[in-house]
Amino acid sequence: MTTGIDIYDRPMTLSEKVKAKAILFSDFDGTITLQDSNDHMTHELGFGKAKRLEVNNKILAGDINFREGFREMLDSIHAPFDECVQFLLDTIELDSGFIETHRWCTENNIPVVVVSSGMKPIILALLKKLVGEKECQNIEIIANDVKINDDGTWDIVYRHEDSGFGHDKSRSLKPYSSLPKGERPILFYCGDGVSDLSAARETDLLFAKRGKDLIKFCERENIKYTQFDSFKDILNGVKAIVSGEKNIKDFVENKN
Ligand SMILES: [Mg+2]
């Protein structure tokens with residue numbers, strides 16, 4: 001085994017990834033980080049928590065879709081983009097087990113892929129600060145983008161403007177989930193929110209954050225999940241499954 005972080009300084013290509021034993025996909029906000037950066041930004045720099053919850057209820061009730069509601073939230077933030085990033089760098093914290101999990105995955109040739117409904121420049125800035133500039137170079141980020149306008153205002157640029165999710169995570173996972181069984185690596189997904197549901201459906205095991213609504217949806221939609229409190233739990237699970245010591249079914253909590 002090599003010593004780790006220096007193994008590669010870029011994300012694996014698709015063909016390299018499909019040869020791996022497993023792939024660890026993860027949501028970013030509230031999963032890799034303790035707080036949701038977009039909610040936090042909206043609370044402190046935008047129209048505030050009460051209005052954000054109102055928009056959220058409209059999304060849950062199906063009156064508007066996530067793409068529309070999320071844009072409404074972000075449109076309420078008038079600070080320049082650089083200031084928003086700095087604000088988040090000063091306040092957002094990393095899950096206590098993520099660095100160790102990422103290091104172990106790197107040493108064992110298991111790619112870590114962030115799949116997020118947030119914005120790539122924010123995620124990259126936070127990973128550089130919280131994980132390390134050099135260490136995070138091999139983490140692939142699949143997320144929405146940002147356009148900075150000439151007058152200094154900024155807008156989110158969705159990956160899938162035609163999807164109600166803005167970024168349809170299941171579409172981003174299709175190149176892996178559509179591989180023939182037997183050829184495809186074990187696909188793990190870690191998440192905490194309802195947008196993670198469609199992604200989880202494409203993978204073999206979902207690590208769902210304890211205490212979140214996602215669990216209720218998994219029960220209802222019959223998506224295999226196991227709960228986690230921190231990435232320490234995720235690392236233990238991934239190690240046990242990849243080594244063959246345990247099977248995925250040993251972890252599944254909704255056994256019907
Ligand atoms: Mg989340």
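Residues 24 or more positions apart account for 67% of the contacts with a separation of 6 or more in the protein. Two residues are in contact if their C-beta atoms, placed from the backbone, lie within 7 Å. The structure is a predicted model, in which local features need pLDDT of at least 70, side-chain atom pairs count only at pLDDT 80 or more, and totals for chains, interfaces and linings use all residues. Residues are numbered from 1 along each chain as its sequence is written.

The protein has 12 helices and seven strands. These are DSSP runs numbered from the N terminus, with helices (H or I) of at least four residues and strands (E) of at least two. The radius of gyration is 18 Å, close to the 18 Å that the globule rule gives for 256 residues, so the protein is as compact as a globular protein of that length. The radius is taken over C-alpha atoms, and the rule is 2.2 Å times the number of residues to the power 0.38. Along the principal axes, the C-alpha atoms fill a box of roughly 55 × 45 × 30 Å. Of the 256 residues, 35% are buried. A residue is buried if 20 or more other C-beta atoms lie within 10 Å of its own, exposed if 12 or fewer, and partly exposed in between, with C-beta atoms placed from the backbone.

Two helix pairs were examined. The axes of H6 (residues 98–107) and H11 (residues 231–242) come within 8 Å and cross at roughly 25 degrees. That makes H6 roughly parallel to H11. Axes are lines fitted to C-alpha atoms, for helices over the stretch in contact, and angles run from 0 to 180 degrees between N-to-C directions. Angles under 35 degrees count as roughly parallel, over 145 as roughly antiparallel, 65 to 115 as roughly perpendicular and the rest as oblique. Phe 98, Glu 100, Thr 101 and Trp 104 of H6 meet Phe 231, Ile 234 and Leu 235 of H11. This contact comprises five nonpolar, one polar and one charged residue. Ala, Val, Leu, Ile, Met, Phe, Trp, Tyr, Cys and Pro count as nonpolar, Asp, Glu, Lys and Arg as charged, and the others, Gly among them, as polar.

H3 (residues 49–61) and H4 (residues 66–75) pack at an angle of about 170 degrees, with axes 9 Å apart. The two are therefore roughly antiparallel. From H3, Arg 52, Val 55, Asn 56, Lys 58 and Ile 59 meet Phe 66, Gly 69, Glu 72 and Met 73 of H4. Four nonpolar, two polar and three charged residues form the contact of H3 with H4.

Ala 208 lies in strand E6 (residues 205–209). It counts as buried, with 28 C-beta neighbours inside 10 Å. Beyond its neighbours within four places in sequence, Ala 208 is in contact with Gly 191, Leu 214, Ile 215, Cys 218, Tyr 225 and Gln 227. Arg 220, in helix H10 (residues 214–221), is exposed, with 10 other C-beta atoms within 10 Å. Arg 220 and Asn 254 are 34 residues apart in sequence and 10.0 Å apart in space, C-alpha to C-alpha.

Most residues other than glycine have a negative phi. Asn 109 has a positive phi, near 55 degrees. Asn 109 sits in the loop between H6 and strand E2 (112–119) and is partly exposed, with 17 other C-beta atoms within 10 Å. Phi of Asn 222 is also positive, near 60 degrees. Asn 222 is in the loop between H10 and strand E7 (225–228). With 10 C-beta neighbours inside 10 Å, Asn 222 is exposed.
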